[in-house]
Amino acid sequence: MRRRELVALISGVATACALPGYAQQPRAMRRVGVLMGYPEAQSEFASFVQELQKLGWVDGRNLRIDTRWGIPADPDSMHRFARELVALQPDLILSQSTPTTAALLQETRIIPIVFAIVADPVGSGFVASLARPGGNATGFVVTEGSLGGKWLELLKEIAPRSTRVAALFNPAMAPYADYWLNSFKLAAPSFTVEAIRAPVHDVSELESVIAAQAREPNSGLFVLPDAFTFAYRVEIVSLAVRYRLPAVYAFRFFTELGGLLSYGNDLNENFRLAATYADRILKGEKPSELPVQAPVKLELVINLKAATGLGLTVPPTLLGLADKVIE
């Protein structure tokens, strides 16, 4: 090529690059699957999408998001939706919980998976270790297993007469229940409490199980985190109030509905953090090299109105520790 022709070519490219919009071409369209465990998790899903937007990934512009919503009353739905999402061959999949992650990993060991609120990823076989996951999945832990004992301690502080405390959970949605129940049972003797398992298999059993606990004197309730208790949060809180059972929960949305006390992390924050991992994977990093992270901040929320309704006086020391008090 002659020098004059080369100069003309370079000049033409430079002119084209200067045209409006040329220098900021949109990224190639990427595809992200999302498998949520229950329809009530709209806020958490919105947090994930909003954080992706902040990172430059906009649904419909450079990203396509395919979402499926599982049904706690129909555990098979998670496996069905997992197959659907994997068949779409997305660049990665966001998984909400332990059951959704288990369903996805049965379908693929290749597509990157970012889980947002898994209970025990090592014990569940999702990752080799927290520091080095080693496979195609990584993400964020919902809470530490030692919180089972802490929840019992808080219940005894706010309802000191409690001598028997039932742990409410759905076995199908919480196969990891012992992750918290072990520390719960271990702590029970030091608080002179009888630790009781209270499995609920269907929403139709909720009232009979809670009523049975309320019939025994000095009873309390400890609600484990799982997709079932999340989905039926309104019913659980309402029944605990109706049967006058002091109850401790893992997350703020229970106390905002009228629950007595909650202690745990912000689930929306987990989904925002999951978006940062999704961003890093979409840019080329491997899930096997991104460490699983545990919550760094827990919040204590106390509902004074609920305490008054139960005839309880919240100790000033406990009030002083609260991050939020609902009056």
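Which helices each supply at least two residues of the lining of the largest cavity? They are H4 and helix H8 (227-231).

## Model and conventions

This is a predicted model, in which local features need pLDDT of at least 70 and side-chain atom pairs count only at pLDDT 80 or more, while totals for chains, interfaces and linings use all residues. Residues are numbered from 1 along each chain as its sequence is written, and side-chain values use heavy atoms, with hydrogens and water left out.

## Overall composition

The protein has 13 helices and 12 strands; helices (H or I, at least four residues) and strands (E, at least two) are DSSP runs, numbered from the N terminus. Its C-alpha atoms fill a box of roughly 95 × 40 × 35 Å along the principal axes.

Of the 327 residues, 51% count as buried. Buried means under 20% relative accessible area, exposed over 50%, and partly exposed in between (1.4 Å probe, protein chains only). Among contacts (heavy atoms within 4.5 Å) between residues at least 6 apart in sequence, 70% join residues at least 24 apart.

Strands of a sheet pair through backbone hydrogen bonds, either parallel or antiparallel.

Strand E1 (residues 30-36) runs parallel to E2 and is joined to it by 7 bridges. Leu-35 has Arg-68 as its bridge partner in E2.

## The cavity

The structure holds 1 cavity of 30 Å³ or more, and the largest cavity has a volume of about 90 Å³. A cavity is a set of points, on a 1 Å grid over the protein atoms alone, where a 1.4 Å probe fits but cannot get out; lining residues have an atom within 4 Å of a point. Grid points are joined across faces, edges and corners, and a volume is the space filled by probe spheres set on the points.

The largest cavity is lined by 14 residues, of which Ser-97, Ile-117, Tyr-176, Asp-226 and Phe-230 are the closest to its centre.

Thr-143 lies in the loop between strand E5 (137-141) and helix H5 (147-158). Because its relative accessibility is 1%, Thr-143 counts as buried. Leaving out residues up to four places away in sequence, Thr-143 touches Ala-119, Trp-151, Tyr-179, Trp-180, Phe-251, Asn-265 and Pro-295. Its side chain makes a polar contact of 3.0 Å with that of Trp-180. A polar contact is a pair of N or O atoms within 3.5 Å; within protein, one must be able to donate a hydrogen and the other to accept it, and residues adjacent in sequence count only if both atoms are side-chain atoms.

Asp-120 is in the loop between E4 and E5 and is partly exposed, at 23% relative accessible area. Gly-135 is found in the loop between E4 and E5 and is partly exposed, at 34%. Apart from neighbours within four places in sequence, Gly-135 is in contact with Pro-287 and Ser-288.

Conventions:
Two strands pair if DSSP finds at least two bridges between them. On a 1 Å grid over the protein atoms alone, a cavity is a set of points where a 1.4 Å probe fits but cannot get out, and a pocket is an open set with protein on both sides within 12 Å along at least five of seven lines; lining residues have an atom within 4 Å of a point.
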